[in-house]
Each structure stands twice: as C-alpha cells, then as structure tokens.
Amino acid sequence: MAARHILAIDQGTTSSRAILFDASLGVVASAQREFPQHFPASGWVEHEPEDIWESVLATAREALAKGGASAADIAGIGITNQRETTLIWDRRTGRAIHRAIVWQDRRTAQACAALVAAGHEELVAERTGLRIDPYFSATKIAWLLDNVPGARRRAEAGELAFGTVDCFLLWRLTGGAVHATDATNAARTMLFDIGRGAWDSDLLDLFGIPAALLPEVRDCAAHFGDTAPELFGAPIAVRGIAGDQQAATIGQACFSPGMVKSTYGTGCFALLNTGNMPVRSKHRLLSTVAYQLDGQRTYALEGSIFIAGAAVQWLRDGLGIIERASETGSLAEAADPEQDVYLVPAFVGLGAPHWDAHARGALFGLTRNSGPREFARAALESVCYQTLDLVEAMRADWPDAGAGKQSVLRVDGGMVASDWTMQRLADILDLPVDRPTVLETTALGAAYLAGLDAGLLPEPDRFADMWRLERRFSPAMAASERKRKVAGWRDSVRRTLSST
C-alpha cells in the first residue's frame, strides 16, 4: 500500500511539535514538547542543541504512534523552524561546539554597530535584503569562531559545519549524510545573495566566515535525504524545508503577487508576496525569499511588530485586569464608544516601519471614566493599527501596489481566535480579513512542501484551491470613524517616538 501520510516537524523557539497529516492535509495526530531556555548574560539567549534534537525525535515518534503510523506510511517529512538561530558542529561526531545562539540574542550588537559605522549597510541590504542586525546569523557565526577555542582553525580546515536549525536537524536525521538547507533559511543568514540565489563571497569576507562551513542550498520542496533507519524503524524521505514565517505563507497559499499573510503571536510577522523580483524597501522593511520551487525564487516583503499578543499578556500579568486572554474581546466590545483611548505598545521600542528602539509605551486619551474595558479595546486595537502601518509601508514599497492587489489579508496565530479583534482589524485596514479553517499554517506549509515533492499533493495553483475559509471579516466601520481613529493613532505614535 502506498504511503499516504506526511509528517511535519515544527521546531520553534520554546517547543518542538510534530503533526501527522493525511493525504488531504487533515490533522491525524500531534505531539509537542517544551525545552529549556538559557540566558547566560543580559541580552544573550541560547538553546542546548541536544535538547532541540531530543524534543524533535521524541515528538515525531509520539505523533506517529498516536496516529498508528509506521515509517512505511509516511510519504515524506517536512521541516519548518525558528529562523536565524545559529549552530556550528563537528562534522565527524555531529556534536555542536557550543550552545545554539538564538535569533533573539543581542550579543553581537556592538559588532553590528561597527559594521554600520564602517559603511557596510548598503552592501548588505543590496545583496541580502536585510538590515545589519544581531537578529541574523552572520555575526553569530563570527562570534562562535572567535570565542570557541580552536573553532576558526577547525572551520578553515573543513572540520566544522554551520547550519540554522533546519540544517542541523537534517544532518541528525540523515545520520550526517546531508549538509543542506533551503533558500528561505539561507536568506536569513546575512550571507546569501537573494538575487543570484547563492552564498556571497564578499559577505563571507566581510564577516570573516570560511566558505567550508556552509551547507548546500536547495529548493524548499526537494528530496533532501533519507532518515537513518534506526530512528523510525525504516528510512523516511525528508522532502520539504522552509523557515517558519515562509512556511506559514505557503500554508496560507499566498502564491500570487500581492497576497499577504499576517501571523499573530507574541509579536506579528506580515509577509507580502512580491513575485519573481526582490523589492528594495524604502520603508525599512525586509526583502526576503518567500519560497523557491523548481529553481525559481519567489520574493516577499516582511515586516515585524514586536508587541501583538504580548499586549494582552500585559493586561493579564502587568495590570491584572483579566485572568484569561479570551476575556479581552468581550471587554473591548463593552468599552465606551465615546472614548478614544490609544495604547502605543512600545514596551521594547517600535518595530517596522518606525524602528525606534528608544520609544517606550504610552496610553493616550484617558479620562476619569477610562477603565479595564477601554484598556482592553486599546490593546487589541493597537495590533490593528500597527498592522495598518505595515500594510501601508508594503503598499508604498511594492511597485505594483497602484494596480491593486492587497485585496485581502489572511491571518493565523493565537490572536485570530478573537472575532472582535479580527472584525476591528478589517475595519481599520478597510480590507477583508480571512481566517482559515486550519490555523496550524506553519506546520501545514511544511507538510505541503513534503507532499508536493512526494507527488502526493498538487502544484501551488491547485493547492491554493484546497485552502479553506472558516470566516471572512468584512469592513463595516464608517469611513469617517475610521479616518478619525487612524488619525488619533498616528498622533499618538508621533508623541511616542523618541525623536519628537
């Protein structure tokens, strides 16, 4: 009997998940396991590579067991992962030479500032579409080479391998047989020329990184290799890899230029499909690879909001005015419509398109009658207004924006369960907001890539037809009210920015 299932590995920042899908991408079984976070110094964040590996292996085995599936039932494995997190390991033993340096880690901030001061920002932006920032992998690699005894000498001798989490997992899954990544993860290293689709020798020289460390870069849907037989009882082909936000874009079937998805978790990541040409942002967004299939790259503009669901956590943990996040929608609905209270949630600065690290959060428009209901509404609305800022920056950056084509926003993540928030998002954006039936879009994207390579699932245009809408939220706010509320938000942000 032919293999009719797909196993998706979703390796995140705080936990690893495995989801077993059937041939129609229905969820059969899932498993999840958290692992420890390490904070060895202020601003430093690390993961123990063995914790990552053990959590992935355990959840994959558990999902198979729950679903009553064996290796013979699996057409392919798809991997999606926390992006930018950096590992270097010994090619002979497969053991990391240091803990993984996580994407959130800021230890290389001084090195990045020095590179900017030396005038290298234009080169990096032109080749990679990224900003020089500790967020990305390049300066993390350099730090490891310079701070782990003997690492640079061993790297130059070809004894060590670098990879993002997907690459490390692929190495382990294949028993060290394959050292490869996909184009979406390569694009987040600050070493990859996204126009040429290749590692860039000028950037390797700039950051002092030996080419011998680097993995091969492949399509997102490809036969990356087979798992070692002892892991699951028989080999399983690894057939798909994409970074988490790109996998969500794929899972949302955003395959046409102009389509936008926005993922609402602690923060928010929005990606706009810009087609087959990278777009240089004039509004401090990132240009990145959305996916690569059959050797053809599709690009995206990406914007990030630092505080989305975290604003609701602040209401719960900071102010103590709610016990559960689910309470915020009903509180917001009961808020006084005559009060215009604005929360600018710059608790850790403002992200795109403002990029003001020194701004701090503020509440505006308070009266003696302002209370928990108005605070809840302001927190939820702040996510909507920040999304508007991102969408408008994307429209300004994308050459075809004048032709139209952000006609709908597809959403996923924990916050989208709130009907009130999604309706207000549609009202503020003046766009329809579509919530899919399957909210596990990151794992779904990884599963689709594996199913595509296995021949189990159709090409992107036909897969897009499989995307299912759970509910569309259509704009219902009067234009005059929307204009007034947006103007109030913009005035509040202006008062919050550190430069004013």
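Which residue does the side chain of aspartate 419 meet in a salt bridge? In this predicted model, the partner is arginine 471, with an N to O distance of 3.1 Å. The two residues belong to distant parts of the chain, 52 residues apart: aspartate 419 lies in helix H14 (residues 419-429) and arginine 471 in strand E23 (residues 469-473). Aspartate 419 is partly exposed, with a relative accessible area of 35%. Arginine 471 is likewise partly exposed, at a relative accessible area of 35%.

Shared partners also occur among the salt bridges: Glu46, Glu48, Arg99, Asp105 and Arg107 are joined in this way into one network.

A salt bridge also connects the side chains of arginine 280 and glutamate 122, with 3.6 Å from N to O. Arginine 280 is located in the loop between strand E16 (268-275) and strand E17 (286-293), while glutamate 122 is part of helix H3 (residues 121-128), so the contact ties together parts that are 158 residues apart in sequence. The relative accessible area of arginine 280 is 40%, which places this residue in the partly exposed class.

Between arginine 196 and aspartate 193, a further salt bridge is found, in which the closest N and O atoms are 3.1 Å apart. Aspartate 193 has a relative accessible area of 9% and counts as buried because this value is under 20%.

For the model as a whole, the count comes to 40 salt bridges, the pairs described above among them.

Terms used: Residues numbered from 1 in each chain as written. Predicted model: local features only at pLDDT ≥ 70, side-chain atom pairs only at ≥ 80, totals over all residues. Heavy atoms only, no water. Salt bridge = Lys/Arg side-chain N within 4 Å of Asp/Glu carboxyl O. Helix = DSSP H or I, 4+ residues; strand = E, 2+ residues; numbered from the N terminus. Buried < 20%, exposed > 50% of the residue type's maximum accessible area, 1.4 Å probe, protein only.
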